[in-house]
Amino acid sequence: AEPKPTNVVSRLFAMRSTGDGLLYVLGTLFAAVSGATSIFTSYVFTKLIGIFFNPDPDEIQQQTLLYGSLQLALSTLMVVSSTLETACFGTAGEHLTRTLRARSMRSLLRQEIAFFDDDANSAGELTSFLGANVALVQSLLGERLNTFVKAVMLLAVGIGLMFAVGFWEVTLMILFAALPLLVMIYATLFVVLGLAKGAKAKGKREAVDGAGAMIGEVVTGIRTVASFNAEHRFFREYCARVDAQAALDRRSAVKNAFAAGAAFGMMMFLLAGVFKWSSQVGLWRLHGLTLADVLRVDSDGCVHINFDLFQGMFIPIMVMFGIAPPLSATFANATDATASGNAARRLFTALDRASLLDPTSAGGESGQVVRGAVEVVDVHFAYPAAPAVKVCCGYSLSIGAGQTVALCGASGSG
């Protein structure tokens, strides 16, 4: 077995185009801004909710203008940062995809003919690999860096904000109990509802790839298929692969239905528990406070309410719901990361393979005089895919210089 390449991420980064390093740096900065902005948006949204419990119309107007303007500014910043982040990582990723495809094609053209006799290197398999899997490989750099930076910023800013403006009792409960459970629930929903691109069973993926490769082989060699009247055979084999995929889909649909129902139910129970605990903390905080600490009447007769209790209870909850979905998407896309890593190792295995007969190599022996005469004597040959089936058994042939000869066999000619 050929050794599997290691350090695929560093090798991919070394293959970046000129100027892509700057794109990765800018994309990382914009991803950090986007992650932090989403948390501050949750905070501002909570402040907007609390405004409407204030009985003073003048304060409602002032606070609404303030936090409404701040929400608009944060939303604009998020749109701009997300757009630039996607543009930077996407541009660098497309440059890398082009480089990978070009190098893969160059490597394939150097291989000997026997290399393509292996079923794993058939036209359909190689076409599928160059078309889809190479694009999956580039996500190891851009998407992985993007999700990592966002996750770090979400946790850092979110935890800091919860401790700064929320009750520490509610914050600790969310960090050690509610948030991990909510992340797992969201991750389950991401996978079940198909939001994670890599959430496919291995058997299903193999069935899809096998059926697609068969279509490519049949269409490419349709004349050979027709000459052997093999249409019905290939159709039956294709149907068998599609039926196997359908059986996997049916079983997966039932499992996903139960998983989705359980996840939604757990989310409701979790939400009820969080509100119950937050309310209990609020009641504990009320003990020892006087009415003057909660309500204040000014000279105009307007009642002013201290909303510290509301803010301390609800801001950690809103931040929790701001952190959970992006973190869940990160965990759900771990399947994609595994698939990308496997595709990258397969890609570098192909790139590192030394051809047994490299047409681009300048080494080897070269004849001094070329006459054009060809002679083969007592040739014994079988394809590697079918070593028991002898194509040539003691075959001999002599072709003179300038002579045109047609070779006709049972399954082809040339």
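**Note on the salt bridges**

1. Glu 237 is partly exposed, with a relative accessible area of 30%. Here buried means under 20% relative accessible area, exposed over 50%, and partly exposed in between (1.4 Å probe, protein chains only). Arg 241 also counts as partly exposed, at 30% relative accessibility.

2. This is a predicted model, in which local features need pLDDT of at least 70 and side-chain atom pairs count only at pLDDT 80 or more, while totals for chains, interfaces and linings use all residues. Residues are numbered from 1 along each chain as its sequence is written, and side-chain values use heavy atoms, with hydrogens and water left out.

3. Glu 237 and Arg 241 form a salt bridge through their side chains, at 3.0 Å from N to O. The term means a side-chain nitrogen of Lys or Arg within 4 Å of a carboxyl oxygen of Asp or Glu. Both residues sit in helix α9 (residues 231-286), 4 residues apart, about one turn of the helix. Helices (H or I, at least four residues) are DSSP runs, numbered from the N terminus.

4. The whole structure holds 4 salt bridges. One of them joins the side chains of Asp 352 and Arg 11 (3.0 Å, N to O). Asp 352 belongs to helix α12 (residues 334-352) and Arg 11 to helix α1 (residues 8-14), so this pair ties together parts 341 residues apart in sequence. Asp 352 is partly exposed at 45%, and Arg 11 is partly exposed at 29%.

5. Lys 150 and Glu 85 also meet in a salt bridge, at 3.3 Å from N to O. This pair links distant parts of the chain, with Lys 150 in helix α5 (residues 142-165) and Glu 85 in helix α3 (residues 57-110), 65 residues apart. Lys 150 is partly exposed at 24%, whereas Glu 85 is buried at 3%.

Conventions:
Helix = DSSP H or I, 4+ residues; strand = E, 2+ residues; numbered from the N terminus.
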